[in-house]
Amino acid sequence: SMPVDFVNGVSFKHGVGATNTRLFFTQLPGHERRHIIKVWCVAVSKVRDVTSPVACSVRQASERVELLLAQQQLLEDCGATALSPGVWLTKVSAILPGGSGLHIHWHGLAMEEARGITLHALNWGRHWRLAIDLLQERLNRTAVAAAALWDVLTAQCDRHAENVFIDDAGDIQVIDNDKALGVIAKCGYDSMFVPGTRYHSIMRVGFWGQHADKYRSYRKVAEFCHGPIDPRVVMDYRCAVDGSASDGGVMGTAYPPSMERCMRRIAGMSGPEEVMDAYGLSNPLRASILHNRSKDLIERGFEWTLEHGLPTNGPRVATYPQTACCNLMVWKRMITCDKCWSPLLPEDIPSNSTLNIAPKP
């Protein structure tokens, strides 16, 4: 099992993950925090810890490493390194623990360990007082807005609650940025920070629809208004932008200055080839998406880019946008929204409606 971490004295365990990559923890000289070495294509099952055939493309693994290193350079150029742990390429020589005796002797990706715990652990740990304290009182909403901008700029398609960490101070970091810039077909962005996406919708109906089932029963009660919600709904970018009310606001072109300068520079490049040279990308599609997103965000604004920017979201990712709930309260021993609010359920959406994947500014 993964090492235990603590927030406010509460212990949590990190998830093992579902990929065939392996994570090694190490202590580097001169650093207080642990570092992680991520190694691809390890031919040992995580479940039984025995040698087994593993479906893994070395070429794909190399492309993912290239993509992560390119994004590290982008984070540095955009003055946004606090958003995600730093990564760099390193050589690995290690014996896989657990009895297999496999000697791993090839390259891996070194990275700083993210601070705190995942939002998934925070939610499923059922420590509600801690959850409402972190997400309501301490949450760094400026970082939430910046993370949403990052996810749209780089077309992140795997930003679920297990890939977002929060620490004691309410600061957040995002990890696993390798499903980005067109790696996932028919996905322009899939982020828990952005409404109208699959991972945002999970917060309102539950991964298995458990919240939807609760609300169906609560709606039978006369004068229904409040009900139990996933407290992570406040991680909505609309709740984090300047001047946002309880229903949320719009970002427009009010970007962090360093990220705006960075996007302007990329938007002003001559084309994908120059972007490829600047960030060490070998795939023209990745560079084209970054170039186009930068131009759209600068020239058209955030909300326009959500709805019209390329690549767009296909039916597997795009969902009907939910009205924002930006403040939490405890009501009848449960966490709920501080206003009369209930999540949109599938039966609430007109069958003949045109799907809008972004809120109107």
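The structure holds 1 cavity of 30 Å³ or more. A cavity here is a set of points on a 1 Å grid over the protein atoms alone where a 1.4 Å probe fits but cannot get out. The model is predicted: local features need pLDDT of at least 70, side-chain atom pairs count only at pLDDT 80 or more, and totals for chains, interfaces and linings use all residues. Residues are numbered from 1 along each chain as its sequence is written, and side-chain values use heavy atoms, without hydrogens and water.

Stop 1: Select His-200, Val-233, Asp-236, Gln-322 and Trp-341, the closest to the centre of the largest cavity among the 13 residues that line it. Lining residues have an atom within 4 Å of a point. The space inside is about 70 Å³, a volume filled by probe spheres set on the points.

**Stop 2: helix H7.** Select residues 257-267. Which residues are buried there (under 20% relative accessible area, 1.4 Å probe, protein chains only)? Met-259, Cys-262, Met-263, Ile-266 and Ala-267 are. They lie on the same side of H7 because they cover an arc of only 135° around the axis, taken from the directions from the helix axis to the C-beta atoms. Pro-257 and Arg-261, on the other side of H7, are exposed (over 50%). Helices are DSSP runs (H or I, at least four residues), as are strands (E, at least two), numbered from the N terminus.

Stop 3: The cut-off for a disulfide is a pair of cysteine sulfur atoms within 2.5 Å. Cys-78 sits in the loop between H1 and strand E5 (87-95), Cys-262 in helix H7, 184 residues apart. The torsion about their S-S bond is about -55°, so this disulfide is left-handed. Both Cys-78 and Cys-262 are buried.

**Stop 4: two further links.** The whole structure has 4 disulfides. Select Cys-239 and Cys-326, whose sulfur atoms are 2.1 Å apart in another one; with -80° about the S-S bond, the link is left-handed. Next, select Cys-325 and Cys-337, joined by a disulfide with an S to S distance of 2.2 Å. That link of Cys-325 and Cys-337 is right-handed, with 120° about the S-S bond. Cys-337 counts as buried at 0% relative accessibility, and Cys-325 is buried at 2%.

Key
1 Å grid on protein atoms, 1.4 Å probe; cavity = no way out; pocket = protein on both sides within 12 Å on 5 of 7 lines; lining within 4 Å.
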